[in-house]
Amino acid sequence: MTEQASPAKDDTLSTFASVAGGILGVSYPVLAISTGARAFYQLLFKEGVTNYLGPSLTALAALLYLVAAIGFAKRQTWAWKLSVGALGIETLFTFVVGALS
């Protein structure tokens, strides 16, 4: 015998997902802009930069945050999966950089 989810439980989960997507849709553009501005400054205006790997990785993270922000704001299944995938790649890069540091 299988149990079916009650309509109230489905509505609660749907509401939670909608609110979470809205919060992420607002916060990730801010993160993308701030990270992108930092990378832009370091790559083009900061004096004495000898290694451009760090600022380049920061620019890549900003791009991934922007993809995630667009996906969270779009509110479609494919966009949500794209956002989670972009953040998964960013998390993997974070672990790799942390392991190599």
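Reader: What share of the contacts in the protein chain with a separation of 6 or more is between residues 24 or more positions apart?

Author: A contact means heavy atoms within 4.5 Å. In the protein chain, 52% of the contacts with a separation of 6 or more join residues 24 or more positions apart. This is a predicted model: local features need pLDDT of at least 70, side-chain atom pairs count only at pLDDT 80 or more, and totals for chains, interfaces and linings use all residues. Residues are numbered from 1 along each chain as its sequence is written, and side-chain values use heavy atoms, leaving out hydrogens and water.

Reader: How many helices and strands does the protein chain have?

Author: Helices (H or I, at least four residues) and strands (E, at least two) are DSSP runs, numbered from the N terminus. The protein chain has three helices and zero strands.

Reader: Which residues form the largest nonpolar core?

Author: A nonpolar core is a set of buried Ala, Val, Leu, Ile, Met, Phe, Trp, Tyr and Cys residues joined through side-chain atoms within 4.5 Å. Buried means under 20% relative accessible area, exposed over 50%, and partly exposed in between (1.4 Å probe, protein chains only). Here the largest core has eight residues: Y28, A32, A61, Y65, A68, A69, F72 and L87.

Reader: What does A32 touch?

Author: Leaving aside residues up to four places away in sequence, A32 touches A62, Y65 and L66. L66 lies in helix α2 and is partly exposed, with a relative accessible area of 42%.
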